[in-house]
Amino acid sequence: VGSHMTAEWPVYSGSVYVFERQSSGDWIERQKLLASDQTYWDTFGWSVSISGDIAVIGAKLSDGAGVNSGAAYVFERRGNGEWVERQKLQAWDAAAEDIFGYSVSVSGSFIAVGAYGDSDNGDLSGSVYIFSRQADGSWKGIQKLVPTDGKIGDHFGISVSLTDLTVVVGANGDDDS
């Protein structure tokens with residue numbers, strides 16, 4: 001920890017709070033989630049999505065595959081209601097500054113993770129990674145999405161939402177008009 005890090009300075013490792021609605025209509029805090037390997041500046045909880053008993057949490061500045069390469073964590077709700085970390089997701093072609101996990105979305109058997117810093121079509125052009133749930137409950141990367149007209153600064157993947165049949169991806173830096 002650097003000398004500038006004190007109790008007054010945030011370190012942005014991050015956390016996620018799970019609230020559940022009770023029969024009374026009130027929402028109560030059920031559990032606080034942390035990544036098993038998180039460190040300073042990971043920003044775990046930057047993005048969140050839930051579908052049934054699966055929650056996906058983005059940590060856009062995780063350094064697992066290079067500085068700010070990013071990660072997403074899959075949590076699963078057990079029968080007793082406890083959420084447990086199931087798997088850490090990273091891009092299969094991860095590189096520094098990809099910012100994988102900036103956006104996440106889960107629906108049924110699929111997860112989409114945005115990496116607006118990915119540079120396949122030029123600096124900060126962006127991409128989205130699709131993961132599919134396997135028979136053993138693990139998640140496997142199945143496709144990387146990049147737009148056909150992608151270019152520098154598009155930020156493709158800055159936001160993402162999916163259903164089992166459709167993925168919608170934001171690219172707030174695209175300047176077609």
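Modeller: A brief definition before we begin: strands are DSSP runs of at least two residues, numbered from the N terminus. The model before us is predicted.

Biologist: What is the mean pLDDT of the protein chain?

Modeller: The mean pLDDT is 90, and 94% of the residues reach 70 or more.

Biologist: And where does pLDDT stay under 50?

Modeller: That applies to residues 1-6, for which the model has five contacts beyond four places in sequence.

Biologist: Turning to the pocket, how much space lies in the largest pocket?

Modeller: The largest pocket holds about 210 Å³ of space. Its lining has 14 residues, of which V16, Y17, V18, I50 and A55 are the closest to the centre.

Biologist: Which strands each supply at least two residues of that lining?

Modeller: These are β1 (16-21), β3 (44-51) and β4 (54-59). The largest share, five residues, comes from β1.

Biologist: How do the lining residues divide into nonpolar, polar and charged?

Modeller: Eleven are nonpolar, one is polar and two are charged.

Biologist: Now the sheet. In what order do its four strands run?

Modeller: The order is β3-β4-β5-β6, in an open sheet with antiparallel pairing. Strands β3 and β6 (83-89) stand at the edges with a single partner strand each, so one side of each has no neighbour in the sheet. On average, neighbouring strands here are turned by 25 degrees against each other, direction ignored.

Biologist: How many bridges join β5 to β6?

Modeller: Six bridges join β5 (residues 71-77) to β6, and the two strands run antiparallel.

Biologist: Which residue in β6 does E76 stand opposite?

Modeller: E76 stands opposite V84.

Technical notes:
Residues are numbered from 1 along each chain as its sequence is written. This is a predicted model: local features need pLDDT of at least 70, side-chain atom pairs count only at pLDDT 80 or more; totals for chains, interfaces and linings use all residues. Side-chain values use heavy atoms; hydrogens and water are left out. On a 1 Å grid over the protein atoms alone, a cavity is a set of points where a 1.4 Å probe fits but cannot get out, and a pocket is an open set with protein on both sides within 12 Å along at least five of seven lines; lining residues have an atom within 4 Å of a point. Grid points are joined across faces, edges and corners, and a volume is the space filled by probe spheres set on the points. Ala, Val, Leu, Ile, Met, Phe, Trp, Tyr, Cys and Pro count as nonpolar, Asp, Glu, Lys and Arg as charged, and the others, Gly among them, as polar. pLDDT is the predictor's confidence in each residue, from 0 to 100. Contact means heavy atoms within 4.5 Å. Two strands pair if DSSP finds at least two bridges between them. Axes are lines fitted to C-alpha atoms, for helices over the stretch in contact, and angles run from 0 to 180 degrees between N-to-C directions.
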